[in-house]
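Open the model in your viewer and keep the selection tool at hand. The stops below say what to pick next.

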Amino acid sequence: MKTMRWRWLTVLVAALALGACGEEKKSATATATTAAPAAAARQFAAGTTMAKLQKEKKITIGVKFDVPPFGFKNPNTGDVEGFDIDIAKAIADELGVTPKYIEALSDNRIQFLKDGTADLILSTMTINAERDQEIDFSEPYFIAKGRILVKNDSGIKGVADLAGKKVCTALGSTYEETLKKQAPKAKLTLVDSYSECLESIQNGSVDAVSTDDVILTGMIIQDDTLKLVGDVLTTEPYGAGIKQGDKEFKAFVDEVIAKFKSDGRWAASYKKWIGQYTKEDQKPPTMTLKEALALSK
Amino acid sequence: MSKLLDLLTQNADELAGGLWVTCRLVAGAFAIALVVGTFVAALRIAPSKWLRRLGGIYVETLRNLPLLVLLFISFAGLRRAGVPIGPWTAGIASLGLYTAAYVAEVLRSGVFSVSKGQVEASLSLGFSYAQTLRRIVLPQAFRTVLSPLGSVTIAMIKNSAIVGVSLLALPDLLKEVRIIAARTFETTEAFFWAAVGYLLLTGAATVVFRLLERKFAIRR
């Protein structure tokens with residue numbers, strides 16, 4: 001009788017463990033497939049990336065998982081959300097496929113495109129000439145400004161005060177170069193993701209964080225003891241990353257983004273993710289890819 | 001091939017700097033690991049049950065936590081609790097204390113490898129417990145532990161890379177290589193030099209432990 005009881009207990013524990021695993025798997029797939037594919041799919045010429053993606057019925061898009069309000073995991077639902085994700089959805093819908101989101105960090109996303117891990121990158125990526133040698137960019141879909149974030153009581157007023165101070169930014173971002181030029185005496189702390197910069201400034205191991213204003217605004221939303229200081233350091237036009245030389249796919253992505261900008265979806269998405277925090281209004285960017293590339297030269 | 005050499009010559013300063021940071025990290029952690037590891041091993045073979053238990057708790061806690069978690073607690077956790085610990089202190093201490101748990105286990109197993117009969121014989125011949133440890137047990141244990149101690153050291157050198165990728169953001173070899181890779185987009189070439197750098201360090205450790213093993217080997 002006693003052994004019987006033990007056997008039941010073992011079975012119960014095993015069942016619970018299996019159940020837990022099953023649950024986890026379910027939520028993982030839920031993250032991967034958020035939007036339902038559109039009913040009527042467009043036809044594309046055979047051999048194009050669009051036709052290939054339609055055949056596979058999914059598109060893998062590299063996005064940020066920890067950068068509100070552009071790409072972040074909603075803690076309640078586990079879904080990835082944000083401004084970048086809205087554009088990703090628009091592209092997937094146009095193809096009539098399911099978007100699958102993978103996390104793209106600043107220093108691995110270009111590799112993702114090169115080795116085919118991702119079909120598209122939408123991860124707050126600034127268009128610049130160096131990156132353009134490695135991948136292709138869409139037309140700019142958002143213009144961010146480089147700023148500095150400090151604690152309310154830090155006494156740092158601008159880029160000139162950063163000498164000798166520790167400044168956090170992401171490894172592989174454009175700010176490594178920007179800071180070396182504009183604040184040559186600042187000590188750089190290069191981490192993998194901006195959430196680590198937030199932790200570092202909160203625990204006091206760095207004095208400032210420098211990156212795009214919208215990312216920094218996301219940090220202020222989470223912690224109101226932080227503030228933006230100083231002038232705009234740089235203009236950072238965001239573009240979608242596409243595999244080098246895939247002209248048809250770039251034309252398609254540009255077309256979807258142009259439509260997204262003109263039919264009111266851009267404005268709605270901006271208001272939902274960014275405007276409600278910054279209380280600022282903004283129009284879709286009119287800057288062209290050429291102008292964006294010229295900025296970085 | 002020339003691309004590979006170009007990457008080395010153009011980024012020699014960063015690569016050398018990174019290697020030097022890794023060296024200092026490893027050297028500091030190794031010293032801590034040996035001292036604390038020996039102390040914990042002593043606790044684990046102590047005659048008192050409570051001391052043995054204390055040593056056991058140390059080993060099981062440190063050994064059963066991922067190093068990354070330990071680094072996060074020792075740095076972000078302590079800082080948030082108001083302890084102004086720096087990334088160097090946190091890095092060397094975490095890696096050292098973590099490795100100490102393994103060192104303690106290696107040393108303990110070495111002591112247990114000397115048969116109980118020898119200890120009993122030594123005690124019955126009139127040696128004290130301390131004398132027995134020093135003259136009979138430890139010299140034999142030392143030989144036995146050299147080889148596993150070498151493995152622990154090599155594991156520690158490799159684990160030092162985790163310190164660099166963590167929140168501590170120390171500019172160690174792996175971090176410098178990743179910065180170079182992000183700047184030049186020559187990922188394969190950059191990581192090749194990371195591999196060379198780590199092989200230099202682990203290779204040096206291997207040679208040192210080989211020599212020690214040969215010097216203290218029992219001729220069989």
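Select Thr169(A): it stands opposite Leu190(A) in strand 10 of chain A. This is a predicted model, where local features need pLDDT of at least 70, side-chain atom pairs count only at pLDDT 80 or more, and totals for chains, interfaces and linings use all residues. Residues are numbered from 1 along each chain as its sequence is written, while chains are lettered from A and ligands numbered from 1 in the order in which they are written.

Now show residues 166-170, strand 9 of chain A, and residues 187-191, strand 10. Five bridges join the two, which run parallel. Strands pair if DSSP finds at least two bridges between them. Helices (H or I, at least four residues) and strands (E, at least two) are DSSP runs, numbered from the N terminus. In strand 9 of chain A, four of five residues are buried (20 or more other C-beta atoms within 10 Å of their own, placed from the backbone; exposed is 12 or fewer, partly exposed in between).

**Two positive phi values**

Most residues other than glycine have a negative phi. Select Lys57(A), with a positive phi of about 65°. Lys57(A) sits in the loop between helix 2 (49-56) and strand 1 (58-63) of chain A. Is Lys57(A) buried or exposed? Lys57(A) is exposed, with 12 other C-beta atoms within 10 Å.

Go to Thr124(A), where phi is positive at about 45°. Thr124(A) is buried, with 27 other C-beta atoms within 10 Å.

**A cis peptide**

Finish at Pro68(A) and Pro69(A), joined by a cis peptide bond with omega about 5°.
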